[in-house]
Amino acid sequence: MGQYWKRIVIAGIGVELLYALYVYFLSTTDLVGYKPEGLAVAFILFALGGFWAARPAQGQRLAIGLGVGIVGTLFYYAISMPVLLAGEMEFPLMAWVNHALKLAGGAVGALMAGRLAPARA
């Protein structure tokens with residue numbers, strides 16, 4: 001799995017940035033990240049990221065997909081650190097659901113990469 005860390009980091013950060021673009025600039029509703037459509041977008045984007053990161057892997061695809069979700073979640077907290085330290089950020093239950101869906105999306109995408117990979121003799 002060590003050889004895929006670059007792909008994991010690129011996918012996790014890239015997908016989190018795409019999700020932030022959707023939440024803050026493309027969505028027309030407030031707090032969309034806590035609503036069903038925002039949760040679905042998080043799952044789908046992280047599934048695509050997990051798929052891309054795990055596509056060339058021979059094994060450990062689930063770990064790669066989970067890694068994409070973990071990197072994306074950690075990147076979210078890294079860029080939110082000033083607001084978090086100022087005590088201005090709340091964490092409702094739906095925020096934790098959102099992060100869980102990022103992990104699940106990355107894992108599902110990685111498993112789909114394994115299912116769609118050509119059989120190697």
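In which hand does α2 pass α3? In this predicted model, the crossing of α2 past α3 is right-handed. Two packed helices are described by the angle between their axes and the distance between the axes. For helix α2 (residues 36–54) and helix α3 (residues 61–79), the packing angle is about 130 degrees and the axes lie 9 Å apart. Because angles over 145 degrees would be needed for a roughly antiparallel arrangement, α2 is classed as oblique to α3. On the α2 side, the contact is formed by F46, G49, G50, A53 and A54, which meet R61, I64, G65, V68, G69 and G72 of α3. Sorted by class, this contact of α2 with α3 contains five nonpolar, five polar and one charged residues.

Helix α3 also packs against helix α1 (residues 5–26), the two axes coming within 8 Å of each other and crossing at roughly 50 degrees. With this angle, α1 is likewise oblique to α3, and the crossing of α1 and α3 is right-handed. The residues of α1 that take part are I8, V9, A11, G12, I13, E16 and L17, and their partners in α3 are I64, G67, V68, V71, G72, F75 and Y76. By class, the contact of α1 with α3 comprises 10 nonpolar, three polar and one charged residues.

A pair of aromatic rings is described by the distance of the centres and the angle of the planes. The count of such pairs comes to one; in this pair, the ring centres of Y76 and Y77 are 5.2 Å apart and the ring planes stand at 70 degrees, so the arrangement is edge-to-face. Both Y76 and Y77 are buried.

Most residues other than glycine have a negative phi. In the loop between α1 and α2, however, L31 has a positive phi of about 50 degrees although this residue is not a glycine. L31 is exposed, its relative accessible area being 61%. A positive phi, near 60 degrees, is likewise found for Q60, again a residue other than glycine, and Q60 is placed in the loop between α2 and α3.

Note on methods:
Residues are numbered from 1 along each chain as its sequence is written. This is a predicted model: local features need pLDDT of at least 70, side-chain atom pairs count only at pLDDT 80 or more; totals for chains, interfaces and linings use all residues. Side-chain values use heavy atoms; hydrogens and water are left out. Axes are lines fitted to C-alpha atoms, for helices over the stretch in contact, and angles run from 0 to 180 degrees between N-to-C directions. Helices (H or I, at least four residues) and strands (E, at least two) are DSSP runs, numbered from the N terminus. Angles under 35 degrees count as roughly parallel, over 145 as roughly antiparallel, 65 to 115 as roughly perpendicular and the rest as oblique. A crossing is left-handed if the near helix is turned anticlockwise from the far one by less than a right angle, and right-handed if clockwise. Contact means heavy atoms within 4.5 Å. Ala, Val, Leu, Ile, Met, Phe, Trp, Tyr, Cys and Pro count as nonpolar, Asp, Glu, Lys and Arg as charged, and the others, Gly among them, as polar. Rings of Phe, Tyr and Trp (its six-membered ring) pair if their centres lie within 6.5 Å; planes under 30 degrees apart count as stacked, over 60 as edge-to-face and the rest as tilted. Buried means under 20% relative accessible area, exposed over 50%, partly exposed in between (1.4 Å probe, protein chains only).
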